[in-house]
Amino acid sequence: MADTGLPSGWEVRHSNSKNLPYFFNASSKESRWEPPDGTDVDKLKVYMAQNTKKPEGKIHAAHLLVKHKDSRRPGSWKEPTITRTKEEAIDILKGHERRIQSGEISLGDLAQTESDCSSARKNGDLGFFGKGEMQKEFEEVAFGLELGQVSGVVDTASGVHLIQR
(Lines give C-alpha, C1' and ligand atoms only; values in the text may rest on other atoms or scores of the structure.)
Protein backbone atom coordinates (compact mmCIF):
# COMPACT_ATOMS: atom_id res chain seq x y z
CA MET A 1 0.00 0.00 0.00
CA ALA A 2 1.25 3.49 -0.84
CA ASP A 3 2.60 5.73 1.93
CA THR A 4 -0.03 8.41 2.52
CA GLY A 5 1.95 10.20 5.23
CA LEU A 6 -1.05 9.85 7.55
CA PRO A 7 -0.71 8.61 11.14
CA SER A 8 -1.52 4.94 11.81
CA GLY A 9 -5.21 4.11 11.46
CA TRP A 10 -6.01 7.01 9.12
CA GLU A 11 -6.87 6.71 5.43
CA VAL A 12 -7.87 8.97 2.58
CA ARG A 13 -11.44 8.59 1.36
CA HIS A 14 -13.47 10.46 -1.23
CA SER A 15 -16.71 12.32 -0.54
CA ASN A 16 -19.15 11.70 -3.38
CA SER A 17 -21.43 14.53 -2.26
CA LYS A 18 -18.66 17.16 -2.18
CA ASN A 19 -16.35 15.50 -4.72
CA LEU A 20 -13.42 16.07 -2.36
CA PRO A 21 -11.01 13.86 -0.44
CA TYR A 22 -11.35 13.57 3.34
CA PHE A 23 -9.57 11.71 6.13
CA PHE A 24 -11.08 8.79 8.05
CA ASN A 25 -9.92 6.82 11.09
CA ALA A 26 -11.50 3.35 10.92
CA SER A 27 -10.96 2.52 14.59
CA SER A 28 -12.37 5.75 16.07
CA LYS A 29 -14.82 6.38 13.17
CA GLU A 30 -13.62 9.99 13.12
CA SER A 31 -13.73 11.79 9.78
CA ARG A 32 -12.38 15.21 8.96
CA TRP A 33 -11.58 17.49 6.03
CA GLU A 34 -8.16 18.57 7.32
CA PRO A 35 -5.28 16.07 7.72
CA PRO A 36 -4.96 14.77 11.33
CA ASP A 37 -2.14 15.85 13.65
CA GLY A 38 1.04 13.94 12.96
CA THR A 39 0.54 13.87 9.18
CA ASP A 40 3.65 14.14 6.99
CA VAL A 41 2.20 16.81 4.70
CA ASP A 42 4.87 16.39 2.03
CA LYS A 43 4.21 12.63 1.73
CA LEU A 44 0.47 13.28 1.69
CA LYS A 45 0.83 15.80 -1.17
CA VAL A 46 2.82 13.28 -3.23
CA TYR A 47 0.27 10.54 -2.47
CA MET A 48 -2.66 12.80 -3.39
CA ALA A 49 -0.99 13.93 -6.61
CA GLN A 50 -0.32 10.33 -7.64
CA ASN A 51 -3.67 8.88 -6.54
CA THR A 52 -6.21 11.59 -7.18
CA LYS A 53 -7.74 11.89 -10.59
CA LYS A 54 -6.58 15.27 -11.72
CA PRO A 55 -8.68 17.41 -14.01
CA GLU A 56 -7.49 17.26 -17.62
CA GLY A 57 -4.76 19.81 -18.38
CA LYS A 58 -4.51 20.97 -14.77
CA ILE A 59 -1.77 20.75 -12.17
CA HIS A 60 -1.81 20.87 -8.38
CA ALA A 61 0.47 23.31 -6.56
CA ALA A 62 1.12 25.10 -3.30
CA HIS A 63 2.96 28.33 -2.68
CA LEU A 64 4.36 30.70 -0.09
CA LEU A 65 3.75 34.38 -0.89
CA VAL A 66 5.61 37.35 0.56
CA LYS A 67 3.99 40.65 -0.40
CA HIS A 68 5.69 44.05 -0.53
CA LYS A 69 4.50 47.64 -0.61
CA ASP A 70 4.29 47.62 -4.43
CA SER A 71 2.24 44.39 -4.57
CA ARG A 72 -1.15 44.53 -6.25
CA ARG A 73 -2.85 44.39 -2.81
CA PRO A 74 -0.22 45.33 -0.19
CA GLY A 75 -2.04 43.82 2.78
CA SER A 76 -2.71 40.35 4.12
CA TRP A 77 -4.28 38.30 6.90
CA LYS A 78 -1.02 38.84 8.82
CA GLU A 79 -0.52 42.55 8.19
CA PRO A 80 -3.26 44.99 7.13
CA THR A 81 -0.68 47.31 5.55
CA ILE A 82 2.57 45.91 4.21
CA THR A 83 5.42 48.42 4.07
CA ARG A 84 8.44 46.25 3.21
CA THR A 85 10.26 46.85 -0.07
CA LYS A 86 10.39 44.30 -2.86
CA GLU A 87 14.07 43.72 -2.05
CA GLU A 88 13.21 43.00 1.60
CA ALA A 89 10.46 40.60 0.49
CA ILE A 90 12.93 38.76 -1.77
CA ASP A 91 15.45 38.50 1.09
CA ILE A 92 12.75 37.06 3.38
CA LEU A 93 11.70 34.58 0.71
CA LYS A 94 15.30 33.51 0.05
CA GLY A 95 15.64 32.79 3.79
CA HIS A 96 12.52 30.62 3.58
CA GLU A 97 13.91 28.91 0.49
CA ARG A 98 17.14 28.02 2.34
CA ARG A 99 15.17 26.48 5.23
CA ILE A 100 13.04 24.42 2.83
CA GLN A 101 16.00 23.27 0.70
CA SER A 102 17.96 22.25 3.83
CA GLY A 103 15.07 20.02 4.92
CA GLU A 104 14.56 21.99 8.14
CA ILE A 105 10.89 22.64 7.30
CA SER A 106 8.46 21.97 4.45
CA LEU A 107 6.96 24.68 2.26
CA GLY A 108 3.50 23.75 3.56
CA ASP A 109 4.47 24.04 7.21
CA LEU A 110 6.25 27.35 6.62
CA ALA A 111 3.37 28.73 4.54
CA GLN A 112 0.99 28.31 7.51
CA THR A 113 2.76 31.07 9.44
CA GLU A 114 4.78 33.00 6.87
CA SER A 115 2.67 33.28 3.70
CA ASP A 116 0.76 36.49 3.02
CA CYS A 117 -1.83 34.52 1.02
CA SER A 118 -5.07 33.28 2.56
CA SER A 119 -4.06 29.81 1.32
CA ALA A 120 -1.71 29.75 4.34
CA ARG A 121 -4.45 28.04 6.36
CA LYS A 122 -4.30 25.17 3.84
CA ASN A 123 -0.48 24.88 3.91
CA GLY A 124 -0.32 27.13 0.84
CA ASP A 125 -2.37 24.65 -1.19
CA LEU A 126 -3.88 26.24 -4.29
CA GLY A 127 -5.61 23.09 -5.51
CA PHE A 128 -5.79 22.27 -9.21
CA PHE A 129 -5.55 24.96 -11.87
CA GLY A 130 -5.08 25.12 -15.60
CA LYS A 131 -3.34 27.43 -17.99
CA GLY A 132 -4.80 30.90 -18.04
CA GLU A 133 -6.05 30.71 -14.44
CA MET A 134 -3.00 32.18 -12.67
CA GLN A 135 -0.73 35.13 -13.35
CA LYS A 136 1.49 34.37 -16.33
CA GLU A 137 4.81 34.41 -14.43
CA PHE A 138 3.40 32.09 -11.75
CA GLU A 139 1.84 29.73 -14.26
CA GLU A 140 4.96 29.40 -16.40
CA VAL A 141 7.07 28.35 -13.43
CA ALA A 142 4.41 26.10 -11.85
CA PHE A 143 3.82 24.14 -15.06
CA GLY A 144 7.59 23.72 -15.50
CA LEU A 145 8.16 22.12 -12.10
CA GLU A 146 8.44 18.38 -11.49
CA LEU A 147 6.19 16.76 -8.88
CA GLY A 148 7.50 17.71 -5.42
CA GLN A 149 9.95 20.29 -6.78
CA VAL A 150 10.14 23.77 -5.20
CA SER A 151 10.86 26.79 -7.38
CA GLY A 152 13.22 29.63 -6.73
CA VAL A 153 11.86 33.16 -6.26
CA VAL A 154 8.98 33.94 -8.64
CA ASP A 155 8.02 37.61 -9.03
CA THR A 156 4.40 38.50 -9.89
CA ALA A 157 2.09 41.48 -9.39
CA SER A 158 0.93 39.82 -6.14
CA GLY A 159 4.42 39.69 -4.61
CA VAL A 160 7.19 37.10 -4.58
CA HIS A 161 6.50 33.39 -4.30
CA LEU A 162 8.03 29.98 -3.77
CA ILE A 163 5.95 27.39 -5.62
CA GLN A 164 5.83 23.66 -5.01
CA ARG A 165 4.21 21.27 -7.43
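In this predicted model, the buried residues of α4 are covered by elements that include β4 (58–66), β5 (125–130), β6 (154–156) and β7 (159–164). Helix α4 itself spans residues 136–144, and its buried residues are Phe138, Glu139 and Ala142. These residues lie on the same side of α4, because they cover an arc of only 95° around the axis.

Now look at the strands. β5, β4, β7 and β6 form an open sheet, in that order, with antiparallel pairing. β5 and β6 stand at the edges. Each has a single partner strand, so one side of each is left without a neighbour in the sheet. From one strand to the next, the twist averages 45°. Take the pair β4 and β7: five bridges join them in the antiparallel sense. Leu64 has Leu162 of β7 as its bridge partner.

Helix α2 (86–101) lies across β4, β6 and β7. Its direction is at about 20° to β7.

Finally, consider α3, residues 107–114. Which of its residues are buried? They are Leu107, Gly108, Leu110 and Ala111. Seen down the axis of α3, these fall within an arc of 160°, so they line one face of the helix. That face packs against α1 (41–51), β4, α2 and β7.

How values were computed. Residues are numbered from 1 along each chain as its sequence is written. This is a predicted model: local features need pLDDT of at least 70, side-chain atom pairs count only at pLDDT 80 or more; totals for chains, interfaces and linings use all residues. Side-chain values use heavy atoms; hydrogens and water are left out. Buried means under 20% relative accessible area, exposed over 50%, partly exposed in between (1.4 Å probe, protein chains only). Helices (H or I, at least four residues) and strands (E, at least two) are DSSP runs, numbered from the N terminus. The arc is that of the directions from the helix axis to the C-beta atoms. Contact means heavy atoms within 4.5 Å. Two strands pair if DSSP finds at least two bridges between them. Axes are lines fitted to C-alpha atoms, for helices over the stretch in contact, and angles run from 0 to 180 degrees between N-to-C directions.
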